[in-house]
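Welcome! Take a moment to look over the protein below, and then let's walk through a few of its features together.

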Amino acid sequence: MFIDLSKAFDTINHDILMQKLYHYGVRGVTLDWFKSYLANRFQFVNISGVSSQTELITCGVPQGSIIGPLMFLIHINDIVSSSDILSFILFADDTNLFYSSNSKLELMNTVNTELEKLSQWFCANKLSVNIKKTSFILFGNKHKVFLDSNFSIMLNRKSIDHVTCTKFLGVYINESLNWKDHVSHVSLQISKGLGITYKVRHLLLRKLLLSLYNTMIMPYLNYCNIVWGGSSHTCLKKLTSLQKRAVHLIVSSDSKTSSSPIFHSLKILKLEDIHKVQTATFMLKIANKVLPSVCYNQVFYNTTVSSYNTRSGNTHLFSQPRCRTSVPRLSPAKLISSVGPCLWDQLDHNTKCSTNGAQFKRLFVLSILSKY
């Protein structure tokens with residue numbers, strides 16, 4: 001379930017926020033500072049030079065400030081206590097709930113009961129849910145996912161929309177748990193950037209065209225590539241073609257010309273290698289234990305290797321899980337728990353011994369570019 005809050009930052013009640021700060025141990029002068037920060041703020045509307053009367057702001061936190069998101073997180077932090085059954089993933093004002101069951105009837109009844117508790121929490125904290133933008137998605141066997149007219153998920157006594165694809169923290173996921181929808185979205189955005197590049201290719205120098213690539217194309221290929229970049233070649237084929245077309249436009253070369261030398265000269269990584277770099281960087285952070293504890297569940301350590309050898313370049317620091325299925329989207333071979341250790345073992349000694357993330361990435365990128 002993907003919960004959308006209506007004007008989340010603008011509806012935070014100051015009194016409730018202060019009570020929670022006090023509960024978490026923010027008291028005395030520090031609490032007075034928070035009160036002073038939020039007090040005596042006014043707002044008005046100006047249209048065509050005509051301004052309305054100023055009104056005192058009685059709720060909400062200043063957006064655009066460093067401390068605004070922090071106060072919102074403190075305010076919403078105890079939402080997880082509203083249910084002992086649902087699993088929560090919170091990121092700023094994105095609230096996502098998860099629950100699994102072998103029975104659709106049990107799933108519906110349990111979720112609706114827990115959502116009633118969640119609704120009471122929102123009411124008590126004076127936050128409102130945008131039902132129109134709130135939705136749920138079902139993952140599972142195609143036959144089990146099939147819904148009849150009696151299946152309904154309710155929040156605030158209103159039915160939530162069932163969707164087959166949704167945007168989750170900037171990444172599109174669908175009920176089939178493949179990346180076709182996300183790749184289609186990225187392809188569309190890159191095509192727009194390519195259209196602009198094509199129109200100005202004769203007007204700008206190569207250096208500026210490369211800047212356009214770094215601004216309008218590369219961010220889409222980079223964002224969360226570690227998650228979706230390991231998809232099948234068939235799924236990523238369109239993105240690969242669009243990236244090749246982009247580098248050909250930058251150097252004004254024929255599309256039939258080999259693209260590898262162009263990638264090398266422009267120092268641009270291919271799509272598949274962007275995934276390798278992000279995966280290898282993740283493994284380095286795992287090896288040096290600089291990530292949140294939840295990330296360590298993504299890999300398996302080799303129990304025969306001492307944890308003190310993480311910087312010695314040991315090629316068997318991680319172990320790979322056994323693959324028991326040949327279904328591509330379900331195969332562990334596609335997961336970082338399998339791809340990560342395999343890639344880590346292929347790195348040279350000097351690269352793995354780099355404790356500095358930037359240095360590690362530079363050495364790894366250079367080694368990849370040298371093979372183009």
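The structure holds zero disulfides. Keep in mind as you read that this is a predicted model.

**The cysteines**
- Cys165 takes part in no disulfide, and its nearest cysteine sulfur, in Cys235, lies 12 Å away.

**The nonpolar cores**
- The largest nonpolar core has 47 residues, and Ile190, Leu221, Leu239, Phe318 and Trp344 touch the most other members.
- Several helices each supply at least two residues of this core, including helix 6 (180–200), helix 10 (233–251) and helix 12 (271–287).
- A second, separate core has 40 residues, among them Leu38, Ile67, Leu97 and Leu118.
- Which residues does Leu239 contact, leaving aside its neighbours within four places in sequence? They are Val183, Val186, Ser187, Ile190, Leu221, Trp228 and Leu271.

**A look at helix 12**
- Helix 12 is mostly covered, with 13 of its 17 residues buried.
- At 1.5 Å a residue, helix 12 should span 24 Å, and this agrees with the 25 Å between its end C-alpha atoms.
- After helix 12 comes Lys289, which has a positive phi, near 55 degrees.

Key. Residues are numbered from 1 along each chain as its sequence is written. This is a predicted model: local features need pLDDT of at least 70, side-chain atom pairs count only at pLDDT 80 or more; totals for chains, interfaces and linings use all residues. Side-chain values use heavy atoms; hydrogens and water are left out. A nonpolar core is a set of buried Ala, Val, Leu, Ile, Met, Phe, Trp, Tyr and Cys residues joined through side-chain atoms within 4.5 Å. Buried means under 20% relative accessible area, exposed over 50%, partly exposed in between (1.4 Å probe, protein chains only). Helices (H or I, at least four residues) and strands (E, at least two) are DSSP runs, numbered from the N terminus. Contact means heavy atoms within 4.5 Å. A disulfide is a pair of cysteine sulfur atoms within 2.5 Å. The expected span of a helix is 1.5 Å times one less than its number of residues.
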